[in-house]
Amino acid sequence: MEKTQIMKAKNVKEYFPIRKGIFSTVKDYVKAVDNVNFFIKKGETFGLVGESGCGKTTLGRTLIQLIPPTNGTVYFMGNNLSDISKSELRKLRLHMQIVFQDPSSSLNPRMTVKQIIGEPIKINSKLKNEEITQKVLLLLKTVGLDEQHMYRFPHEFSGGQKQRIGIARALALNPDFIVLDEPTSALDVSVQAKILNLFKDLQKKFNLTYLFITHDLSVIKYISDRVAVMYAGKIVELSPTKELFKKQLHPYTIALLCCIPIPDPKIKKEFIVIKGEVPSLINPPSGCKFHPRCPKRMPKCKEIEPELIEINNEHFVACHLYP
Ligand code: SF4
């Protein structure tokens, strides 16, 4: 693992067993993440984009060990997370945090804001109550809230304010890496913009690295440095953001990006409609998982699974159209 990399996934798989019968015998698996390889550089925002159910949230949770991988290795800050003791993993976990999609369900309705943000500090440090209060206040100010919000309950806040509380909680233990799991998709557009700018400011201030998961391509274009496109549990294209929005290689990415609306009625745009359904993750198609829907499929696409290969500088694609 290179020094510039903070996180690396090597052949990571996340399979969920499907149990049936009175003995709960494993009959099959949901292959949510299937043999994924990539790395995240220190200080960057790495975007992960794809349709609902493609495995992007599962991959984010696997990276920070909320769900240990079924197979493969995750490296974080040079440590193989499958090969360290529980106490070492516990210490490393303090450096990785997550902001969840739904701010309402991710905050305990019976706790005040001070308790929500102060709890991780109380558990993981020896600070006294007064010092914790001061730290919570500082965190609230950092995310654009103030003292008057400290003793209120989550139901007294708007969606955007709740998400700010979630962000303050994620920052409480001075993390290096944060998974942002669709953090703006439950918010109004005007609030979304403010929260995205807050993420950018915090990144500069605290030298944070983000994994930004979303299905919103405009958001990914605005916030990320590099993007990975996921389809049916696999990364099908990975590239610096500017390069990807200029030139897409994979037929799925081409179709996905042509759906971004242009706010100019004079520009006419042809939309590519991807026919067919998103494949089942229990019994995915053979070969290239996109082949039943791909307008450019060839006979070998059904037989052979394409590997993710580098075509240009840092631009990777998994498709037989490219040698
Ligand atoms: Fe289409 Fe074949 Fe490329 Fe898959 S490998 S995206 S089916 S051309």
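Is Lys41 buried, exposed or partly exposed? Lys41 counts as partly exposed, with a relative accessibility of 25%, where buried means under 20% relative accessible area, exposed means over 50%, and partly exposed lies in between (1.4 Å probe, protein chains only). This is a predicted model, in which local features need pLDDT of at least 70 and side-chain atom pairs count only at pLDDT 80 or more, while totals for chains, interfaces and linings use all residues. Residues are numbered from 1 along each chain as its sequence is written, and side-chain values use heavy atoms, with hydrogens and water left out.

**Overall form**

- The protein chain has 10 helices and 12 strands, which are DSSP runs numbered from the N terminus (helices H or I, at least four residues; strands E, at least two).
- The radius of gyration of the protein chain is 21 Å, close to the 20 Å that the globule rule gives for 323 residues, so the chain is as compact as a globular protein of that length; this radius is taken over C-alpha atoms, and the rule is 2.2 Å times the number of residues to the power 0.38.
- Taken along the principal axes, the C-alpha atoms of the protein chain fill a box of roughly 70 × 60 × 45 Å.
- Of the contacts between residues at least 6 apart in sequence, 63% join residues at least 24 apart, a contact being heavy atoms within 4.5 Å.

**Surface and charge**

- Buried residues account for 48% of the 323 residues in the protein chain.
- The accessible surface of the protein chain is about 17000 Å², and 52% of this belongs to carbon and sulfur atoms; the areas come from the Shrake-Rupley method with a 1.4 Å probe, and for residues only the protein chains shown count as cover.
- There are 47 positive and 32 negative side chains in the protein chain, and the centres of the two sets lie 1 Å apart; Lys and Arg count as positive and Asp and Glu as negative, without His and the chain ends, and each charge is placed at NZ of Lys, CZ of Arg, CG of Asp or CD of Glu.

**Salt bridges**

- The structure holds seven salt bridges, each defined as a side-chain nitrogen of Lys or Arg within 4 Å of a carboxyl oxygen of Asp or Glu.
- One of them joins Asp34 and Lys289, whose closest N and O atoms are 3.2 Å apart; because Asp34 lies in strand E2 (residues 25-41) and Lys289 in the loop between helix H9 (251-257) and helix H10 (299-303), the pair ties together parts that are 255 residues apart in sequence.
- Asp34 is buried at 9% relative accessibility, and Lys289 is buried with a relative accessible area of 10%.
- Lys41 and Glu314 form another salt bridge, at 2.9 Å from N to O, and this pair links strand E2 with the loop between strand E11 (309-312) and strand E12 (315-317), 273 residues apart; Glu314 is partly exposed, with a relative accessible area of 23%.
- Glu182 and Lys56 also meet in a salt bridge, at 3.7 Å from N to O, with Glu182 in the loop between strand E7 (177-181) and helix H6 (189-206) and Lys56 in helix H1 (residues 56-63), 126 residues apart.
- Glu182 is buried at 7% relative accessible area, and Lys56 is buried at 4%.

- Gln65, which is not a glycine, has a positive phi of about 65 degrees; Gln65 is found in the loop between H1 and strand E4 (71-76) and is buried, with a relative accessible area of 7%.
- Met77 has a positive phi near 50 degrees, is found in the loop between E4 and strand E5 (79-80), and counts as partly exposed at 36% relative accessibility.
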